[in-house]
Amino acid sequence: MMYNTSGVQTLQIDSDSTTAGGYIQLYDSAGHATITLDGETGGDGRITTQELAITGGSDLSEQFDINAPKTPVEAGMLVSIDPQNPGKLIPSDEPYDRKVAGIVSGAGGVKPGMMMGQNGTIANGEYPVALSGRVYALADTSEGGEIKPGDLLTTSRIPGYAMKATDAEKRSGAVIGKAMTSLKTKKGLVLVLVSLQ
């Protein structure tokens, strides 16, 4: 146990010598527990707190394996559900693909903020794929035209590239998110607020 100069407990560290795991608890200046690190909760480790501030990235990603025999996987690619391999993805390569799942995180120097996956199961893989948050995506203007902030984005014919979703009927269920930056000509990166619709 550790205490501040007023005698209020601020830290507890427990290394149980029996079968329980390690345990650390932090307290605020009033002596209320605010952060708990429990090394063994039902067989898993657990962190409990009221607020979590992540400063190393800006998207929520899940780990996926991506089958890409023709196109090397790179950060910023749009990826879709692989109908031939449950739980895996492929680079998107058709316009308005309703199987679109996310964007490979890490392009433009923006890293994932939180990565989820479960080792040893189908719910894991090599690549972080952004499902929510802000991430840069590869984009092309040759089909959908110039991209402006606020435009809805979808998949294109170019493997892994986004385009502006101009067809209101086709875009239902095929939108990856909204553009937050512009792209006037050709190919480049666009900052996307990921929101599958």
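Colleague: What does Glu-94 count as, judged by its relative accessibility?

Modeller: A residue is called buried under 20% relative accessible area, exposed over 50% and partly exposed in between, with a 1.4 Å probe and protein chains only. Glu-94, at 35% relative accessibility, counts as partly exposed. This is a predicted model, in which local features need pLDDT of at least 70 and side-chain atom pairs count only at pLDDT 80 or more, while totals for chains, interfaces and linings use all residues. Residues are numbered from 1 along each chain as its sequence is written, and side-chain values use heavy atoms, leaving out hydrogens and water.

Colleague: With which residue does Glu-94 form a salt bridge?

Modeller: A salt bridge here is a side-chain nitrogen of Lys or Arg within 4 Å of a carboxyl oxygen of Asp or Glu. Glu-94 pairs in this way with Lys-99, and their closest N and O atoms are 3.7 Å apart. Lys-99 is itself partly exposed, with a relative accessible area of 30%.

Colleague: How many salt bridges does the structure hold?

Modeller: It holds four. One of them joins Glu-143 to Arg-157, with 3.4 Å between the closest N and O atoms. Glu-143 lies in the loop between strand 11 (127-140) and strand 12 (152-155), and Arg-157 in the loop between strand 12 and strand 13 (162-164), so the pair ties together parts that are 14 residues apart in sequence. Glu-143 counts as partly exposed at 35% relative accessibility, whereas Arg-157 counts as exposed at 57%. Elsewhere, salt bridges that share partners join Glu-94, Asp-97 and Lys-99 into one network.

Colleague: Where is Ser-92 placed, and is Ser-92 buried or exposed?

Modeller: Ser-92 sits in the loop between strand 8 (89-91) and strand 9 (100-104). At 1% relative accessibility, Ser-92 counts as buried. To see what surrounds a residue, one lists its contacts, meaning heavy atoms within 4.5 Å. Apart from neighbours within four places in sequence, Ser-92 is in contact with Leu-78, Val-79, Ser-80, Thr-155, Ile-158, Pro-159 and Gly-160.

Colleague: Which residues are in contact with Asp-28, leaving aside its neighbours within four places in sequence?

Modeller: They are Val-8, Gln-9 and Thr-34. Asp-28 belongs to the loop between strand 3 (22-27) and strand 4 (33-41), and at 29% relative accessibility counts as partly exposed. Along the chain, Asp-28 and Gln-9 are 19 residues apart, yet 8.5 Å separates their C-alpha atoms.

Colleague: How many helices and strands does the protein chain have?

Modeller: Both are DSSP runs numbered from the N terminus: helices are H or I with at least four residues, strands E with at least two. The protein chain has zero helices and 15 strands. Its radius of gyration is 22 Å, well over the 16 Å that the globule rule gives for 197 residues, so the chain is more spread out than a compact globule. That radius is taken over C-alpha atoms, and the rule is 2.2 Å times the number of residues to the power 0.38. Along the principal axes, the C-alpha atoms fill a box of roughly 65 × 35 × 30 Å.

Colleague: What share of the 197 residues is buried?

Modeller: Buried residues make up 33% of the protein chain. Of its contacts between residues at least 6 apart in sequence, 55% join residues at least 24 apart.
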